[in-house]
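Grab a pencil and work through these exercises with the structure open beside you. Each one sets a task and then walks through the solution.

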Amino acid sequence: MPDLQGYGSLLIDGLMITLGVAIASMIGALILGLAAAAGKLFASRPLRILIEAYTTIVRGVPELVLLLLIYYGLPTLVQDTLGGMGHDVTLAINPFAAGIGTLTLIYAAFACEVYRAAYLAVPPGQREAALALGLSSLITFRKVELPQMMRYALPGLGNVWMVLVKATALISIIQLPELMRNADIAARSTQQPFTFFFMACLLYLCITLVSMWGQGRLETWASRGTTEGTL
Amino acid sequence: MLSFVVEHLPRFLQGALLTVQLATYSCLLGLCIAVPVALARLSTNRMLRGLSTGYVFFFRGTPLLAQIFLIYYGSGQFRHALDAVGLWSLFRDPWFCALFTLKLNTGAYSSEILRGAIHAVPKGEIEAARSLGLKPLIRLRLIIMPRAIRIGWPAYTNEVVYQIQATSLVSIITIMDITGVARAIGARHFTFYEAFGLAAILYLILVYGFIFMARRVERRLNLHLQPSNAPRSARAQGLIR
């Protein structure tokens, strides 16, 4: 164990913020992604085109550029627009909100694709059979389609979570005191950059390991009652 | 907005050239790492398997930003040792560190794609090659690899797309790629949304231009199969790895 010179607790604090940001963004991405997937599958044509444009753009632009665009660009855009209309305002976004907002926006686009593919993987006969048995449309979705869909969606959503956790490191660029930022602070004041960045890497690896274990458990649970067990 | 584009586009294009260079070199060097690593992970030698698994696990399990900091700033901690072997001038150079990290990172991801693709080669074809008496290396070159490349190509396309976007992180260690130029111009002229907006558009052009070309290559690779058949489902998975 390397000597952390009392900066260990700073790293743990950072880890907590990293986890908080990641979980908050993941919840946002799961909900927004499901809504976007529903829109892509069922909405009217103009709305569908709009959602298509959103996922296309978000998946083609680096996370860092989107983050900087939202954190620096959005306030100046609003200020300039309002300034043009004669209102003088100064605006700044809280780094926490900007980080969670950006990650939610990006990973909802990825989650949307996962949900859509999963929904299409459930055979239409399942829905027809449920409706023929007299279940209402909502119950059919909740009791018949959603559980089967989740089995197909879980590996993809797990993948989104893993990528999202690593993407939280970018928020250190806008000074949010998460794991990378705190490791940077510790590295600068102790002059031991390798030690602290390596410790940060190990902590990220711990999150990855726990996530892999959790994902395995979830997938076993979601595929209960199926013969092949794994996809 | 238009005057902004006219004034600053040349600098942005210089940045784009750097982005393309970084992505190209790191992907090519990454492939040179990926092939032996994938083979090592599939080998029966425990030592080779353990080493390659550790490498892949580390680089896939940690953020690229942490890896860049670890190598660029972290190397400073071993300055005397690196000085002694004459490598310090390399690790002091942000361009070298960026390329070094990017290629190790993409090498790990690509090796996983290749490993999956080799696994997906139908067993019967390998058995057929074996019963024809082809030696292991010939088998790999003539039977397994051509098949694995076709299977892995759509996933590898996604990896390159991800790599193009990942190069934006090198702006943090002072390299003037597209993002670096946007940050510098945005901060100097207080034109953040114009600068990052233009950067986003340039990345979109690079990414979707590459995807367009990759699709054409994919069609060529699969000419002997029914067109527009197999690759679609792989594409429906989206750009995520």
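**Exercise 1.** Decide whether A:Gln175 is buried or exposed.

*Solution.* Start with the rule: a residue is buried if 20 or more other C-beta atoms lie within 10 Å of its own, exposed if 12 or fewer, and partly exposed in between, with C-beta atoms placed from the backbone. Next, count: A:Gln175 has 10 other C-beta atoms within 10 Å, so it is exposed. Now find its place, which is the loop between helix 6 and helix 7 (179–190) of chain A. Helices here (H or I, at least four residues) and strands (E, at least two) are DSSP runs, numbered from the N terminus. Last, check the backbone: phi of A:Gln175 is near 70°, a positive value in a residue other than glycine. Most residues other than glycine have a negative phi.

A quick note before going on: this is a predicted model, where local features need pLDDT of at least 70, side-chain atom pairs count only at pLDDT 80 or more, and totals for chains, interfaces and linings use all residues. Residues are numbered from 1 along each chain as its sequence is written, while chains are lettered from A and ligands numbered from 1 in the order in which they are written.

**Exercise 2.** Work out how helix 9 and helix 10 of chain B pack against each other.

*Solution.* Two packed helices are described by the angle between their axes and the distance between the axes. Axes are lines fitted to C-alpha atoms, for helices over the stretch in contact, and angles run from 0 to 180 degrees between N-to-C directions. For helix 9 and helix 10 of chain B, the angle is about 165° and the axes are 8 Å apart. Angles under 35 degrees count as roughly parallel, over 145 as roughly antiparallel, 65 to 115 as roughly perpendicular and the rest as oblique. Helix 9 and helix 10 of chain B are therefore roughly antiparallel.

Who makes the contact? Two residues are in contact if their C-beta atoms, placed from the backbone, lie within 7 Å. Helix 9 of chain B brings residues including B:Ile178, B:Ala182 and B:Ile185, and helix 10 of chain B brings, among them, B:Phe192, B:Phe196 and B:Leu202. Sorted by type, the residues of this contact are 10 nonpolar, two polar and no charged. For that sorting, Ala, Val, Leu, Ile, Met, Phe, Trp, Tyr, Cys and Pro count as nonpolar, Asp, Glu, Lys and Arg as charged, and the others, Gly among them, as polar.

**Exercise 3.** Describe the contact between the two chains from the side of chain B.

*Solution.* Begin with the totals: chain B gives 35 residues and chain A gives 35 residues. Then look at the elements of chain B: helix 3 (64–72), helix 9 (178–189) and helix 10 (192–221) each supply at least two residues of the side that touches chain A. The largest share, 10 residues, comes from helix 10 of chain B. By type, this side of chain B has 22 nonpolar residues, 12 polar and one charged.

Now zoom in on A:Gly73, in helix 3 (residues 63–84) of chain A. Which residues does A:Gly73 contact, leaving aside its neighbours within four places in sequence? They are A:Leu68, B:Phe192, B:Tyr193, B:Phe196 and B:Gly197. A:Gly73 counts as buried because it has 23 C-beta neighbours inside 10 Å.
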